[in-house]
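Please keep the sequence and the structure in view while reading.

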Amino acid sequence: MFDKYPTQSEAYEYFTSKSDQGLYALSSIEGSNSKKSVLITGGIHGNENCGPASMAFLAKHLESKKHLLQGTVHFLLGNPEAYGANRRFIDKDLNRSFLSNYTENYESDRAKEIEKFLSNHSSIQAVLDLHSVSVGDTQMMIYKLKDKEIAQKISPLSTHLLYGDHNLNGLFLKACDRYLNCFTCAVECGNHTARESHVRALFHSCSFLKEFEIFDDSDLLDLFRVEVESSPIITRYEILKTITPSTNFSYILPKVESEVKISKGMIYARSDDGDHQASEECYLMLPSSKLTPDLAEYGFLCSREVIPRKISSN
């Protein structure tokens, strides 16, 4: 298929030729230990290329290193139709379509297919979901509090986002929590268009496989590590409020990007519903670049704490 890092069309061709385990656009690379398996996903949003391209590259690499593979690695292209069209989604955000948030559309059907796979593979030990952003160059780990220790070990990134049971309804990782009850996290690898986002996706995939003792290629991991930022501290954000779509909504902040501070009482946006005012000091995270009514949210208001990174004893 390809001898070097794939283009988007090559990654699309690779995944759409696969239907392993009965799931379209799933590639399963099987190693020596049939009892161990992990899942890496990308392209849940079709306009985010770093996940699918890095997965296709790594899948081909693992195919040539099966004798070193200590388990099965499932690589899933989440939204193949949207990825082929280079669109975030076809009818509805796939990453808000899981766990009974079903309507009659392509993404709901795809969510049902993926949930069936998850329910039939409850032995999967961990899930890594790869993403990128349209605004700025945000690099961030996203997880629930229960997974914080492993998340810190996998990633040297200094920005982390906690989500809870009462936000991000329909999230893919929440479906994984229900069916697999295992470690789950997502990584925002940087801007859609940045070459470095692909490097970060590959680094986190390799680090993830090493942490769960599936595959350890230290040379490959070190090659990607040099371009991934590391910090002795972690800035951890936790979602306080989801910014829901409203008619003629617009941000009025001097700068609209993740980690922008919003003071208590500050008006950060306006819409036909009136002024949107912060009830407490908070920080804007993951603002949308295109404020269209079909989006699930326009961003999040979050609390922030700065904590020291735990140094691994390994």
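The model is predicted. In S7, glutamate 188 is the bridge partner of methionine 140.

S5 and S7 are part of an open sheet of 11 strands, whose order is S1-S3-S2-S4-S7-S5-S6-S8-S14-S13-S10. The pairing in this sheet is mixed. Strand S1 (26-30) and strand S10 (260-262) stand at the edges; each has a single partner strand, so one side of each is left without a neighbour in the sheet. From one strand to the next, the twist averages 30°.

Helices pack on this sheet. Helix H4, residues 106-120, touches S1, strand S2 (37-42) and strand S3 (72-77). The direction of H4 makes about 170° with that of S3. Helix H6, residues 172-180, also packs on the sheet, with contacts to S2, strand S4 (126-133), S5 and S7. Between the direction of H6 and that of S4 the angle is about 175°.

Further along the strand order, both senses of pairing can be followed around S8. Strand S6 (residues 159-162) runs parallel to S8, and 4 bridges join the two. Within this pairing, histidine 160 stands opposite arginine 236 in S8. S8 also pairs with strand S14 (residues 299-308), here in the antiparallel sense and over 10 bridges. Tyrosine 237 has arginine 304 of S14 opposite it. As a general point, the side chains of a regular strand alternate between the two faces of the sheet.

A separate open sheet consists of 3 strands in the order S9-S11-S12, with antiparallel pairing. Its edge strands are S9 and strand S12 (274-277), each of which pairs on one side only. Strand S11, residues 267-271, is joined to S12 by 4 bridges, and these two strands run antiparallel. The bridge partner of isoleucine 267 in S12 is glutamine 277.

The next topic is the packing of helices against one another. Helix H1 (residues 8-16) packs with helix H2 (residues 50-63) at an angle of about 60°, their axes being 9 Å apart. H1 and H2 are therefore oblique to each other, and their crossing is left-handed. On the H1 side, the residues that meet H2 are Ala11, Tyr14 and Phe15. On the H2 side they are Pro52, Ala53, Met55, Ala56, Ala59, Lys60 and Glu63. By class, this contact comprises 8 nonpolar and 2 charged residues, with no polar ones.

H2 also meets helix H7 (residues 195-211): the axes come within 9 Å and cross at roughly 50°. That angle makes H2 oblique to H7. The crossing of H2 with H7 is right-handed. From H2, the contact involves Cys50, Ala53, Ser54, Phe57, Leu58 and Leu62. H7 contributes Ser197, His198, Ala201, Leu202, Ser205, Cys206 and Leu209. The classes here are 9 nonpolar, 4 polar and no charged residues.

Where does isoleucine 29 lie? This residue is located in strand S1. Isoleucine 29 has a relative accessible area of 2%; because buried means under 20%, it is classed as buried. Apart from neighbours within four places in sequence, isoleucine 29 is in contact with Tyr14, Ala59, Leu62, Glu63, Lys66, Leu69, Gly71, Thr72, Val73 and Phe75. Among these partners, Tyr14 is in H1 and also meets H2, while Ala59 and Glu63 are on the H2 side of that helix pair. Leu62 is one of the H2 residues in the contact with H7. Isoleucine 29 and lysine 65 are 36 residues apart along the chain, and their C-alpha atoms are separated by 10.0 Å.

Is serine 246 buried or exposed? Serine 246 has a relative accessible area of 13% and is buried, because this value also falls under 20%. Its place is in the loop between strand S8 (233-243) and strand S9 (250-251). With neighbours within four places in sequence left aside, serine 246 is in contact with Ser271, Asp273, His276 and Tyr298.

Technical notes
Residues numbered from 1 in each chain as written. Predicted model: local features only at pLDDT ≥ 70, side-chain atom pairs only at ≥ 80, totals over all residues. Heavy atoms only, no water. Pairing = 2+ DSSP bridges. Axes fitted to C-alpha atoms, helices over the stretch in contact; angles between N-to-C directions. Contact = heavy atoms within 4.5 Å. Parallel < 35°, antiparallel > 145°, perpendicular 65-115°, else oblique. Left-handed = near helix turned anticlockwise from the far one by under 90°. Nonpolar A, V, L, I, M, F, W, Y, C, P; charged D, E, K, R; others polar. Buried < 20%, exposed > 50% of the residue type's maximum accessible area, 1.4 Å probe, protein only.
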